Amino acid sequence: MKRAVLLAAWLALPATALADDYSGMLAYLDVTRIDGRALAGANGAIAINQAAGDLNIQANLHGMASGDRADVAIAARQQHSNDVVLSAPLEASAHIAGQALAGASGIASINQASGIANTTLNVVSATLARQGIRESDDTALAASDIASAGGQGDTGDGVAAGIRSVGVSSTALRGFDGVLQLNQIAGARNDTANVLGLVVQGNP
C-alpha cells in the first residue's frame, strides 16, 4: 500500500518538477557502459563511440590500401573552440562488463568517455604494397597526422571531486582475436589516442 502511495505521489508531481529532477541527476552522473553480450562473436571492423557528459570528442579512423605503390595517410584534427564553463560531474564511470565482445575478432576500436571536454581517438592504417616491406621511419609515422584537441571548454577550477572509475571485467573481451584499441576516460580534459600503422609485403 505504501508503495502505491509513493507511486501516486510521484505521478502527481508536475512535469516541470520531473524535468528538474532529471536535469539534476544528469548534472552529477555521467556513465558509459558496454554490458551483456554486446557484439559477442562479431567479426570485421568494429567501431564504438560512447560519451556521457559535455564537450567530449571521439573518432575511430581506419584506412587500408593495396597495390604496387599503395599508401595510406590519415589526418585528424579534434577541436572545440567555444569557451564554456562547466562543472565536473560528481560521479563519472566507463566500464566494459558481462560478455561484451567475447569471442569477437578483427579490428575493434572503442572509445568510452564520461565527463567533460575529453578527447579520444583510435587510428589504424594498413598498406599491402608489392614493393616489399618498408621500415616505418619517422616520416612514415608522421603520415598519420594526429593532433590532440585544443581550446576546449573550460571545466571550472579543475579541482577533482567525486568518484571516478574505469575498468574491464574479467569476463568481457574473453577470447578476442585481432587488433584491440581501447580508450577509457572518466574525468575532465583528458586526451588519449591509439595509433597503429602497418605496411606488409604483398604477392609479386
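Visitor: What share of the protein chain counts as buried in this model?
Guide: The model is predicted. Of the chain's 204 residues, 33% count as buried.

Visitor: What makes a residue buried?
Guide: The cut-off is under 20% relative accessible area. So the residues behind that 33% fall under this cut-off.

Visitor: How many helices and strands does the chain have?
Guide: Three helices and 11 strands. Along the sequence, the pattern reads α-α-β-β-β-β-β-β-β-α-β-β-β-β.

Visitor: Which strands form the open sheet, and is the pairing parallel or antiparallel?
Guide: Three strands form it, in the order β1-β5-β9. Their pairing is parallel.

Visitor: Why are β1 and β9 called edge strands?
Guide: Each pairs on one side only. β1 covers residues 29–34, and β9 covers 163–168.

Visitor: How are neighbouring strands of this sheet turned against each other?
Guide: By 0° on average, with direction ignored.

Visitor: How do you know that β1 and β5 pair?
Guide: Pairing needs at least two bridges. β1 and β5, residues 91–96, have six bridges in the parallel sense. Therefore they count as paired.

Visitor: What holds strands of a sheet together as pairs?
Guide: Strands pair through backbone hydrogen bonds.

Visitor: What share of the contacts between residues at least 6 apart in sequence join residues at least 24 apart?
Guide: In this chain, 82% of them do. A contact here means heavy atoms within 4.5 Å.

How values were computed: Residues numbered from 1 in each chain as written. Predicted model: local features only at pLDDT ≥ 70, side-chain atom pairs only at ≥ 80, totals over all residues. Heavy atoms only, no water. Helix = DSSP H or I, 4+ residues; strand = E, 2+ residues; numbered from the N terminus. Axes fitted to C-alpha atoms, helices over the stretch in contact; angles between N-to-C directions. Buried < 20%, exposed > 50% of the residue type's maximum accessible area, 1.4 Å probe, protein only.
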